[in-house]
Amino acid sequence: MKKWAGTAAAAALALGAAGQAVAAQPSEKQVRELFEVMHMDRMFGQMNTQMVTVMGQAVPCVPASYWQGFIDASGTRQLLGQMVPIYQRHFTAQDVAGLLKFYRSPLGQKVITQMPVTMAEGMKVGQAWGRERGQTMIRQLQQKGTLDANGQCPASPAAAKPAVPAPGPGH
């Protein structure tokens, strides 16, 4: 009987905790307010513009007028709408209230304005670091004989011969 009572109490606590977690979920309005304070619409607009620039360079035969259709407020609103449930899953209403307080503060506003610049600079540093590490790795593997002078795997006798003869004409 005591075991049953303990199990029932544990179940009641678990259900109560689950109810609190659901109740603590931020509302869509609260999350959208956070997006507004963080200027996420502008960030997505900038990302969209960068993407269009890259695509325009990659596919020069497509007229610039075509790409302008991708730089619109409707697409940004759609993306933000899809992000609301993500924030609701990962943050409580109390978390979002704290984030709102922070991002409304002078320091929070500075983070918003400086983050794109610091991230861009950080990406350049990370790319240079990755390039340097990759070159060091290739040199080490070349010294060990794992890679040839061109940074490629040396041809092995097994790699030089096909395992199964290719069918000739008429097969």
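The accessible surface of the protein chain is about 13300 Å², with 64% of it on carbon and sulfur atoms (Shrake-Rupley method, 1.4 Å probe; for residues, only the protein chains shown count as cover). This is a predicted model, where local features need pLDDT of at least 70, side-chain atom pairs count only at pLDDT 80 or more, and totals for chains, interfaces and linings use all residues. Residues are numbered from 1 along each chain as its sequence is written, and side-chain values use heavy atoms, leaving out hydrogens and water.

View 1. Helices (H or I, at least four residues) and strands (E, at least two) are DSSP runs, numbered from the N terminus. Reading from that end, the order is α-α-α-α-α-α-α-α. Of the 171 residues, 14% count as buried (buried is under 20% relative accessible area, exposed over 50%, partly exposed in between; 1.4 Å probe, protein chains only). Take the contacts (heavy atoms within 4.5 Å) with a separation of 6 or more: 66% of them come from residues 24 or more positions apart.

**View 2. Phe35 meets Tyr87 in an aromatic pair.** Rings of Phe, Tyr and Trp (its six-membered ring) pair if their centres lie within 6.5 Å; planes under 30 degrees apart are stacked, over 60 edge-to-face, and the rest tilted. That rule gives three aromatic pairs. In this one the ring centres are 4.8 Å apart and the planes sit at 85°, so it goes down as edge-to-face. The pair ties together distant parts of the chain, with Phe35 in helix H2 (residues 28-37) and Tyr87 in helix H5 (residues 73-90), 52 residues apart. Both Phe35 and Tyr87 are buried. Ring pairs also bring in Phe91, making a cluster of Phe35, Tyr87 and Phe91.

**View 3. Phe102 and Tyr103 make an edge-to-face pair.** Centre to centre, these rings are 5.0 Å apart, with 65° between the planes. Phe102 has 30% relative accessibility, so it counts as partly exposed. Tyr103 comes in at 15% relative accessible area and is buried.

**View 4. Thr92 sits in the loop between H5 and helix H6 (93-104).** Thr92 is partly exposed because its relative accessibility is 32%. What does Thr92 touch, not counting residues up to four places away in sequence? The answer is Ala24 and Pro26. As for Gln25, it is 67 residues from Thr92 in sequence, yet the C-alpha to C-alpha distance is 4.8 Å.
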